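Take a look at the model below.

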Amino acid sequence: MITALHHRPVGVALLLLAALLLAGPAWAQTLGAAPKDPETIEQVRKWNAECLECHVEAALRRPPREGMDLVKLGQALTDPEAYAKSNHAGMACKTCHLGAYREYPHAGAVKEKARTLECNECHAQQTWRVEEQVAKSTHAKKLKDKFTCNTCHNAHVYAKAEILKDSAKIVAQDNGMCMGCHDSDKKFVEFGGILIPGKKRPDIDAIHKWLPNTKRHWQAVRCIECHTPKATTRTLAMSHEVLNKEKAQKDCVVCHTKDTALRTSLYRWTAEEEASKLGFLNSAILGESYVIGATRNAYLDFFGLGLVGLTFAGVVGHGIIRILVGRKRRDP
């Protein structure tokens with residue numbers, strides 16, 4: 001899907017331009033971004049309400065139309081609440097789902113073939129940057145064309161860190177994308193894995209047994225903190241070059257230090273509000289988590305060193321006093 005951008009950039013641009021010219025101002029404002037003017041927002045709401053009349057779970061129990069293929073419908077459901085919190089919230093379904101998808105029934109009544117926009121048709125600049133990283137990733141090398149943007153990023157649900165902000169929500173969402181495949185027998189087989197009768201697929205816990213407090217790490221940081229190299233651009237905070245277990249980061253100090261890598265990845269949005277508070281390093285991060293080595297307090301360090309110094313002085317002083325008292329007793 002990503003490589004398609006290079007093969008047909010002119011065609012894509014012409015298609016988008018034609019759509020803009022033919023569909024009027026309301027359509028133009030919804031292509032690639034949620035509208036902001038009240039008129040278009042209301043139009044999008046009506047359009048989406050028509051789609052969500054059918055494409056919700058409740059429609060399986062009480063089909064709104066006669067003769068619906070409930071099996072196919074079950075494969076095309078959307079959670080309106082999750083969508084309203086996603087990157088694409090506020091956008092019209094018709095922005096991405098074209099042709100026969102715009103009328104009901106979706107096949108037969110409309111001659112134009114149903115088509116869903118590829119990610120690169122709106123996110124061209126990001127795709128250009130991501131493409132090279134993905135090509136180097138273990139996913140692309142092993143899964144080839146089976147691995148697309150949609151394999152990880154569900155366009156109806158996914159929300160970027162800038163929207164979620166809360167690190168716990170970011171971790172839960174992103175690790176959920178990884179575990180959705182790496183902790184699923186169904187996905188393991190779907191992507192080419194072979195389950196031998198009597199033998200289980202690779203166990204995630206066993207693979208990570210070297211990592212102290214494994215469960216705690218998975219609750220607090222994302223898999224990609226260790227399984228991707230450092231991002232080279234600020235606008236694309238995380239690299240899409242996913243590393244295999246042999247190349248993954250295993251140096252604890254990368255995160256557990258005052259210059260923690262988490263500042264430019266998981267806590268990027270929080271760290272931008274960084275302000276040293278009461279002597280704590282990375283104090284903005286401390287508001288959400290305590291990372292050993294990354295959230296130290298300079299005053300506590302001085303206090304601890306002072307205690308060590310006082311203890312040492314006490315021991316030396318005690319020893320000197322005993323020596324002097326001993327000499328005095330021997331030489332009265």
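The protein chain holds 19 helices and 2 strands. Keep in mind that this model is predicted. Of its 332 residues, 30% count as buried. The accessible surface of the chain comes to about 22,200 Å². Carbon and sulfur atoms account for 60% of that surface. Now consider contacts between residues at least 6 apart in sequence: 50% of them join residues at least 24 apart.

Next, find helix α12, residues 167-182. This helix has 16 residues. From its first C-alpha to its last it reaches 22 Å, close to the 22 Å expected at 1.5 Å a residue. Look at its start. There, a side-chain oxygen of Asp166 comes to within 2.8 Å of the backbone nitrogen of Ala168. Further along, α12 bends by about 30° at Gly176.

Which residues of α12 are buried? They are Ser167, Ile170, Val171, Gln173, Asp174, Asn175 and Cys181. These buried residues pack against four helices: α11 (161-164), α13 (185-190), α15 (214-220) and α16 (223-227).

Leaving aside residues up to four places away in sequence, Val171 touches Gly176, Trp218, Gln219, Ala220, Val221, Arg222 and Leu266. In soluble globular proteins, nonpolar side chains tend to be buried together. Here, the largest nonpolar core has 11 residues in all. A second, separate core has 5 residues, including Cys54, Val56, Ala59 and Leu73.

Key
Residues numbered from 1 in each chain as written. Predicted model: local features only at pLDDT ≥ 70, side-chain atom pairs only at ≥ 80, totals over all residues. Heavy atoms only, no water. Expected span 1.5 Å × (residues − 1). Bend = angle between axes of the 7 residues up to and from the residue. Buried < 20%, exposed > 50% of the residue type's maximum accessible area, 1.4 Å probe, protein only. Contact = heavy atoms within 4.5 Å. Polar contact = N/O pair within 3.5 Å; in protein donor to acceptor, adjacent residues only side chain to side chain. Core = buried A, V, L, I, M, F, W, Y, C linked by side-chain atoms within 4.5 Å. Areas by Shrake-Rupley, 256 points an atom, 1.4 Å probe, with all protein chains shown as cover.
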